[in-house]
Amino acid sequence: MTASQAVFHPSLATEPGQSYQPPESPRRTFCLDPDWRFVRQDVPEAVAPDFNDADWQQVSLPHTYNDEDSFDGLISRSGEVQLYMGPATYRKRFALPEAFKGRRVFLEFEGMRQAGKIYVNGRHLGTYENGVTPYGLDITDAGYFGQHQNVITIRITNAQDYREEATGVPFQWQSRDFNPNFGGLNRHARLHITGLLYQTLPLYESLRTTGVYIYADGFSISDRTATIHVESQVRNQTGTQQVVTLYVAIVQPDGKKVAEFAGQTYDMVDGETCILTAQARVTGLRFWDPQDPYLYDVYTIIRTEDGTADVLKTTTGFRKAEFKGGVGKGGVYINDRFVYLRGYAQRSSNEWAAIGGAYPDWLHDYNARLVRESNANYIRWMHIAPNPQDVRACDRYGIIQVCPAGDKERDVTGRQWEQRLEVMRTTIIYYRNNPSILFWEAGNSGISAAHMQQMVELRRQFDPNGGRAMGCRTLTDPATTSIAEYFGVMIAEDPARDSRRTYTDIFRGYSDQRRDLAPIIETEDFRDEAARRFWDDFSPPHFGFKKGPNDTYNWNSETFCLAAAARYWAYYSKNISNTDPNMSKWSGYASIVFADSCQHGRQPDSEVCRVSGKVDAVRIPKQIYYLHRVMQNDRPDIHIIGHWTYPPNTRKTVYIVANHCDAVELLVNGRSIGLAKTPKDGYVYAFGDVTFEPGIIKAIGYNGNKVICSHQIQTAGPAKAIRLTCQTSPGGLIADGADVAFFDVEVVDEDGIRCPTDEDRIDFELTGPAIWRGGYNSGRIGSVNKTYLYTECGINRVFIRSTLQPGTITLEARRTGLIPASITIESRPVTIQDGLIAP
């Protein structure tokens, strides 16, 4: 393609800071999520538009049919064996207004698990198979306009043994152990309407289109200035030749314009697809940073002599990213500042107990906020590309991401390698405008140099200027070190179990091999597991964790924290705070995992899921969550591990974790137990043989004689009442059939203090237009979706899902001998017209 030099239009030279209103265009985007019909079996005859599905279940997207049977049986190294993995059928009716006739119509599915045959009005239009990436279809020629309803039918399966239809080759990542299997239309669906001259969607799978690519260079961080580049793929299906020009407007979240400029003008013939570009030097920018995750809306506008042909909005951020090797200077730099990555590795399913791997956007935000509140700034998604809602949440919360394609635990060849390449290409195209993604991961373990070269070439082709790097979790082929753009490592083998190697040996080996080439980041460490319900060896009702013969680990909440602190300090002290001139400064640390998950676990005698998380499977923090909050804090912070409600005559060691303190003091009811100045493993202060007495225990951190942080815990009295607290999205519960509200249920004493050793049954009764999803109990088979639940450490969490009917919803909680609790909320109506929700 050739294009004329951009011509600046004086009409666009409006002052920055003015409110911006994008021009009208033929483009419309509708939400397809509400009001599907579903049955958990394959119904081939349902592809007929007039098929009667009146007795099918009414559901809305995102939806999974494995929310009912996950987290419900003892876990194994192969994942959850009780999951239903087989066919299902979905149907959706909608109408296209007559006014849209003559425009293009596209379906977008952000994903589904695993594979689906998609029919529109009885016509088979496409087959989706990889179970990872978004997918698009042009349904223009199959759709009806006006009063005639359209019917989408999807015959889907999440069968474990699914094989690619054309080749008979399985997808390596279709595995419930490394990729928890939540079957269904488990992400959003959209309907896009465009004119006949339009910007394409970033949906390479099926549509083979690349959309808009936005990036910045020429940064002057101190001057808040950069050159903004925009590339937009445009297609002409008007039937005539068109002279088109690309215009760009950059707009702040408050709607005020930062910049507006014109780009290329090009003469397009009918049927042509081209890429138009625009660029401008822009001042007054706020650069995206983990400490300030500032986002802009970038409007790309296509105009012809007849007016505006298309307007597309892309939300993105501008940041400078550098990936440096070298002793003393290696690492990841954002906006000219070294950024130490600290956080977690997490399965990309990112599922919750009771609601599974399909849930509303606000819960993705809730999860991201929990990550940030633990002072983490880094998530490495594992094995497959993450959910788009998690990617966008990380953009908003300033969490740097490692984004894989699709894999399991080894390199592959032949068609399976081609499948991985295809998924990586589609993923890069869809996510290359998301500023929080800094790393593309070519494999969860080492791959060959030839394969790494192919992955790097993919990045150079589709994301050459986005400030991102291609690498692997681990590298096993020495030739790969000269090709990879970052080096992932997994120091997950405990040196205590391997007398031949020490931490120094391991770390120095990596540094000697790679220190001058690229940054080194830890990608997953500390695989150990402990459930939230076990406080310590002195707390009822369990008095410690009793390891089963097939369980690998023997931690309770307290000892889990101590082991994690030792592990973290061994890494940090050798790689970040070390002064050895022969060692590189490493770039990050990820502990596996953030949330308990129904992936493969190593506690098969005791648990219904893998309990390596810092929060449990319904996102209630464990004590290790607060440990990481302290260790990852750049400011003084302190936390007492555990509680202070013990049986009489209990004597135990009290552990306090603190950071950036010269000394830590422990007080019981105002009486000093002692002052400690030297922590164990960098963060842990131990006060031995402390006698329990009811009241208040307090930890104080000092800088010299100045108090810089403190934390206290109060003894709870006998259980008196149940307390319910509701959490919804900021706008309340929405009656769209997919929204969720959760309720924290606590047992408290007469002063409202949670009883930390309470573990007993609570029964629930729900009335109103909502679906009961319940909660779960770790270590109890068959607890999911029941109308009763046991508290754990005095608290648990239950969920409801909205229906399409708004109204008053009441939840009651009871236990004999306690004052019951009741709470009422409203579900708000949402406008659904002809099966669609307008933006």
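**Figure 1. The loop that holds P541 and its cis peptide bond.** P541 lies in the loop between β28 (520–522) and α7 (557–575), where helices (H or I, at least four residues) and strands (E, at least two) are DSSP runs numbered from the N terminus. The peptide bond from P540 to P541 is cis, with omega near 5 degrees. This is a predicted model, in which local features need pLDDT of at least 70 and side-chain atom pairs count only at pLDDT 80 or more, whereas totals for chains, interfaces and linings use all residues. Residues are numbered from 1 along each chain as its sequence is written, and side-chain values use heavy atoms, with hydrogens and water left out.

**Figure 2. The cis peptide bond between L61 and P62.** L61 and P62 are joined by a cis peptide bond whose omega is about -5 degrees. The loop between β3 (57–59) and β4 (87–94) contains P62.

**Figure 3. Two asparagines with positive phi.** N375, placed in the loop between α2 (361–373) and β23 (378–382), has a phi near 65 degrees, a positive value in a residue other than glycine. N375 counts as partly exposed because its relative accessibility is 23%; buried means under 20% relative accessible area, exposed over 50%, and partly exposed in between (1.4 Å probe, protein chains only). N669 is found in the loop between β32 (663–668) and β33 (671–676), and its phi, near 50 degrees, is likewise positive in a residue other than glycine. With a relative accessibility of 37%, N669 also counts as partly exposed.

**Figure 4. The open sheet β19-β20-β21.** Three strands form this open sheet in the order β19-β20-β21, with antiparallel pairing, and two strands are taken to pair if DSSP finds at least two bridges between them. The edge strands, β19 (321–324) and β21 (337–338), each pair on one side only. Four bridges join β19 to β20 (residues 331–334), and within β20 the bridge partner of A321 is I334.

**Figure 5. The covered helix α8.** Helix α8 (residues 623–631) is mostly covered, since eight of its nine residues are buried. The buried residues of α8 include Q623, I624, Y625 and L627, together with H628, R629, V630 and M631.

**Figure 6. The protein around these close-ups.** The protein has eight helices and 45 strands. Along its principal axes, the C-alpha trace spans about 90 × 65 × 55 Å, and 63% of the 839 residues count as buried. Among contacts (heavy atoms within 4.5 Å) between residues at least 6 apart in sequence, 73% join residues at least 24 apart.
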